[in-house]
Amino acid sequence: MTDLLSRDKIETADGSLAGSSQEKMLSSLLENVTDIIALLNADGAIRYASPSVERLLGYKPEELLGQNGFALVHPDDLARAHEAFESVLLHPESAGPLVEVRSRHKNGSWRYTEVIGQSLADEFGQPCMVMSLRDITERKIVEEALRQSEHRLRLHFEQTHLGVIELDTDFKITRWNPAAEKIFCFTAAEAIGQDGRFFVPEDAKEQVSRIYHSLTSQTGGERSTNENITKDGRTILCDWHNTPLTDADGQLVGVVSMVEDVTERQRMEEQLLRSQRTESIGTLAGGIAHDLNNILCPILLSASMLREGEQSAEAIEMLDTLEENARRGADMVKQILTFSRGLKTKKGPVQTRYLLKDFAGLIRETFPKSITLKLGVAPELWPVHGNLTELHQILMNLCLNARDAMPDGGTLTITAENIVLDQESVGLIPNTRPGHYVAWLIADSGTGIAPEILDRIFDPFFTTKELGKGTGLGLSIVHGLIRSHNAAIRVQSKLGAGTEFRVYLPASSAPLPESEHSAPPPPVGVGEEILVVDDEEAICHLADKILTRQGYHVVTARNGEEAIKRYQRNRSKIQLVLTDIMMPGLDGWAVIRSIRNINPAVKIIASSGLMSETSLSTLSDLNVNAVLAKPYLAHSLLETIQTVLRTKS
């Protein structure tokens, strides 16, 4: 074509090619070619444009004759177009470089064109340019879409929180995204080229190999959950979604895996299940607490009554033992409710010297004889501010822990002493302040605790004991009770050499409460009429006996309906109502509301063995004068009644 175009008389005045039969054949070819064929002078003026220019750019050929071809080029592409044009003019012996420019359509839009040119000499020997322009707009649109798609895929690969790992058919890692680096702590440079099992525990590598080989023989994906080892030696749990990777021809080229670290999620799920289990325990405990307290209440009231007038020291000692154990049982019920429901407990000055000595006797009676107990308690031990039942539970859990650490026997040491912590000392004992403390030491000569788990022993449900031999709650309860007492605990242990727990309890300067047996008897009644409401016959009967002995007149009712009827008949005489809260049918809440409607000024004591913060708030709203927690002693019953009767309305 170059030879033909270089012939004399390349074009006529109207821009059409003319001349010999070869030129006519060329003219016919140019009129039917799909690309645009154009002839430009050295200054860029258009001398010829093939008819295809109308189809591609919307111009008729004659509209472009004489115009500068660069006027059709996008401004941003002009420099590149001029550079290519000049390069072709300077090297007429070769076809010009391929250049892509945007060309203006007649309607103002831009079309992507691919241009190639060749320098020629016209009939006057002047340089000119023959050019071929191909419309590549559709191709550019597809390329841009692919580029955007690849960009999005790259962003997803780099920014997703999921680890993306690709492996080839030899099980070698070929891709490793930033999320995989974060999960496993290995950089891409460290991971790529490695065997795909290099971060898998030894005992799981065979299983991972089976999963991989099963994937290479199927088209669908497969999910699995496996433990993996990070670069810093941690064991983590990961969810894997593995999919076969194929090329454009459908040939298997490897496997792509999406991985997520679910260690924390699993821990949270386990905590939720444990929380639900604890909540269930709390519900169960609440369900039985009422019945247990109703059983213990008559025992305590009976012991109080039997002690009156008793002269035998042996009988009094037995009654004291009976009463003490019933009270401890009641305290244990309260403690279970406190732990399971988060209820608050009352604290005050407590002398722990007696607690430690009593507990030492219990240890000698119940612990294996192969365990020797050494007890050392300072004779003038300071009182501490706390709750006796909770302190008992701290001591019990620490001693049981020591017992379990000595399956073949050993020495259990319990000591208590007064100490004063100064500013320097509290720096060594976290969670303490300068001041006076009572320090307990519970030490064993047992197996000791491994250093790597020492920081976890207070975690809920953490235990190294075999299934069925421990819940992992003991030390967690201790830690919670220690915090509730504003106390501190330190632990030191060495494998094979035993463990020491030191508990620092803030000392109390408040006077110790008088023993109920040594306290003066409450004032006697002067015939005041009291309505006692309780669905437990034994409690009604014993309360009647105790109050009658003390000079009160008593009316009893075994349910809510009976209580309201009795109060209506005797409203002018009854000065105080003692009612249980949890009763079948019409409960204590309904009784209180009904009686308040009849007589807003009547004095009311509510009694219950299961009382929450919400319940206490409701009782306050109902203007209840006092709350008597079950099981109660005769002295507590009489003191509460006297206090309420003496209080002005």
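Two strands pair if DSSP finds at least two bridges between them. Strands (E, at least two residues) and helices (H or I, at least four) are DSSP runs, numbered from the N terminus. The model is predicted: local features need pLDDT of at least 70, side-chain atom pairs count only at pLDDT 80 or more, and totals for chains, interfaces and linings use all residues. Residues are numbered from 1 along each chain as its sequence is written, and side-chain values use heavy atoms, with hydrogens and water left out.

**Exercise 1.** Work out the strand order of the open sheet of five strands, and find its edges.

Solution. 
- The order is S19-S18-S20-S21-S22, with parallel pairing.
- S19 (553–557) and S22 stand at the edges. Each has a single partner strand, so one side of each lacks a neighbour in the sheet.
- Neighbouring strands are turned by 20 degrees against each other on average, direction ignored.
- Val 532 has Thr 556 in S19 as its bridge partner.
- Helix H18 (588–598) packs on the sheet and touches S20 (574–580) and S21 (603–608). The direction of H18 makes about 160 degrees with that of S20.

**Exercise 2.** Describe how H16 and H20 pack.

Solution. 
- Two packed helices are described by the angle between their axes and the distance between the axes.
- For H16 (537–549) and H20, the angle is about 60 degrees and the axes are 11 Å apart. Axes are lines fitted to C-alpha atoms, for helices over the stretch in contact; angles run from 0 to 180 degrees between N-to-C directions.
- Therefore the pair is oblique. Angles under 35 degrees count as roughly parallel, over 145 as roughly antiparallel, 65 to 115 as roughly perpendicular, and the rest as oblique.
- Now list the contacts (heavy atoms within 4.5 Å). Ala 543, Ile 546 and Leu 547 in H16 meet Ala 634, Leu 637, Leu 638 and Ile 641 in H20.
- The contact residues divide into seven nonpolar, no polar and no charged. Ala, Val, Leu, Ile, Met, Phe, Trp, Tyr, Cys and Pro count as nonpolar, Asp, Glu, Lys and Arg as charged, and the others, Gly among them, as polar.

**Exercise 3.** Check the backbone at Asn 486 and Pro 631.

Solution. 
- Asn 486 is not a glycine, yet its phi is positive, near 55 degrees.
- Asn 486 sits in the loop between H15 (474–484) and S16 (488–494).
- The peptide bond from Lys 630 to Pro 631 is cis, with omega near -10 degrees.
- Pro 631 belongs to the loop between S22 (626–629) and H20 (634–646).
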